[in-house]
Amino acid sequence: MDFSEEQLDRYSRHLILPGIGARGQEKLLRARVVIIGAGGLGCAVGYYLAAAGVGTIGLVDNDTVETSNLQRQIAHSMKTVGMPKVDSAKSTFEALNPDVVIVGIRERVTQDNIQELLSDYDIVVDGSDNFPTRYLVNDACVLMKKALVSGAILGFEGQVTTIVPGEGHCYRCLFEEVPPQGIVPSCSQAGVIGAITGVIGSLQAVEVIKLIVGKGKVLKNSLLTYDALTTTFRRLTIPTNPDCPVCNKHSYIKELGVYDTQYCRA
Amino acid sequence: MIASADFLIRGDKMEGLKIYGLCLERLRHQIEIAKYGCHDNRYQLEGWVLLESYQTNKEEEIIDILDLYDIEDRTCTGVKDRLDDLALTVSVFARETLRFDLTHDGNLGLYLSLTPIKSSILEAA
């Protein structure tokens with residue numbers, strides 16, 4: 001693959017970087033990544049993946065931009081309030097890097113459509129804001145053997161983990177069942193520091209880039225937590241659960257069941 | 001034959017730029033010299049001209065000379081793979097075809113293809 005003059009300039013910091021180079025940039029340009037959620041995390045991840053030249057980025061979200069989103073969802077603006085988030089983010093990312101194809105999918109992820117939504121992509125990024133979707137995405141990725149980079153934020157804290165089916169833990173190894181409704185508040189209920197989405201979203205983007213270029217060690221069997229109040233990162237080892245209901249050899253979840261994705265919204 | 005116009009135009013941007021241990025500015029001059037003045041068969045190998053020899057074929061010495069310190073697989077295969085990646089990257093910057101190969105003396109060398117390459121600009125995938 002030849003690089004145009006503009007691409008040489010645009011990606012020069014990748015090209016000269018040990019471990020990426022021309023071959024790594026080619027991999028990035030040919031990669032296909034889907035982001036679940038065009039909210040705080042999705043905007044941050046999408047921004048950096050688009051800037052990095054990830055060739056095709058799918059964006060799945062059913063919401064429209066609201067003014068209260070703008071404190072943390074950096075791909076949207078006052079001009080796009082009222083617009084579908086996928087359209088708003090698509091125009092932002094395409095303006096940043098015309099090399100990148102952004103596929104906006106204005107749908108809510110459900111057990112009925114998720115396998116079709118993920119099927120065209122190599123890597124899945126979870127930037128969703130509710131537990132049922134998080135478990136649905138995890139289970140679909142395990143069953144479809146797709147790498148998943150999962151992030152979550154709330155208040156002054158965030159966490160990120162990378163799940164490579166067959167090579168380590170999955171989300172259910174960590175938290176086996178969906179917590180009951182109302183136990184864990186959402187960002188709209190408990191608040192969140194906007195910049196946390198940038199911290200965790202950037203970490204997710206780096207994990208995706210490492211998966212694509214095959215460089216370094218991703219957060220397999222690990223959960224990285226960030227506490228903004230004490231400025232503390234902690235890397236917790238997460239063993240694979242031998243009794244995991246989805247990723248274990250004797251798992252009982254063999255197909256996607258019912259996930260109540262309606263009870264919690266952005 | 002003259003050096004690639006693209007490469008010369010970009011010269012100012014490449015001042016001081018190194019990819020691993022390869023200085024692109026030095027490489028630019030080497031390519032110019034090779035294209036203008038190399039008529040010595042000792043430095044040519046079936047359409048390829050030797051730009052520089054590293055006077056060794058030992059993996060650890062090659063890693064030191066070319067600053068391949070992040071390499072994990074330090075075997076012959078691992079070093080060869082990394083050299084292939086490096087050659088590809090500098091080829092992209094130089095708009096030329098470069099490769100690492102053994103010299104007549106059995107040492108590692110960096111070669112430039114004397115065969116004109118296509119100058120077309122392909123779109124990203």
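Modeller: Let me begin with a definition: two strands pair if DSSP finds at least two bridges between them. Strands (E, at least two residues) and helices (H or I, at least four) are DSSP runs, numbered from the N terminus. This is a predicted model, in which local features need pLDDT of at least 70 and side-chain atom pairs pLDDT 80 or more, while totals for chains, interfaces and linings use all residues. Residues are numbered from 1 along each chain as its sequence is written, chains are lettered from A in the order in which they are written, and side-chain values use heavy atoms, without hydrogens and water.

Biologist: How do you know that strands β4 and β5 of chain A are joined?

Modeller: Four bridges join β4 (residues 123-126) to β5 (residues 147-154) in chain A, and at least two are required, so the strands count as paired. They run parallel. The bridge partner of I123(A) in β5(A) is A147(A).

Biologist: Which sheet is formed in chain A, and what makes β3 and β8 its edges?

Modeller: Eight strands of chain A form an open sheet in the order β3-β2-β1-β4-β5-β6-β7-β8, with mixed pairing. β3 (101-105) and β8 (232-237) of chain A each have a single partner strand, so one side of each is left without a neighbour in the sheet.

Biologist: What makes Y54(B) count as buried or exposed?

Modeller: Buried means under 20% relative accessible area, exposed over 50%, and partly exposed in between (1.4 Å probe, protein chains only). Y54(B) has 10% relative accessibility, so Y54(B) counts as buried. F100(B), at 11%, therefore also counts as buried.

Biologist: How do you know that the charged end of R32(A) sits over the ring of Y121(A)?

Modeller: The rule asks for NZ of Lys or CZ of Arg within 6 Å of the ring centre and within 35 degrees of the ring normal. The charged end of R32(A) is 5.3 Å from the centre of the Y121(A) ring. R134(A) lies over the face of F131(A), at 5.9 Å from the ring centre.
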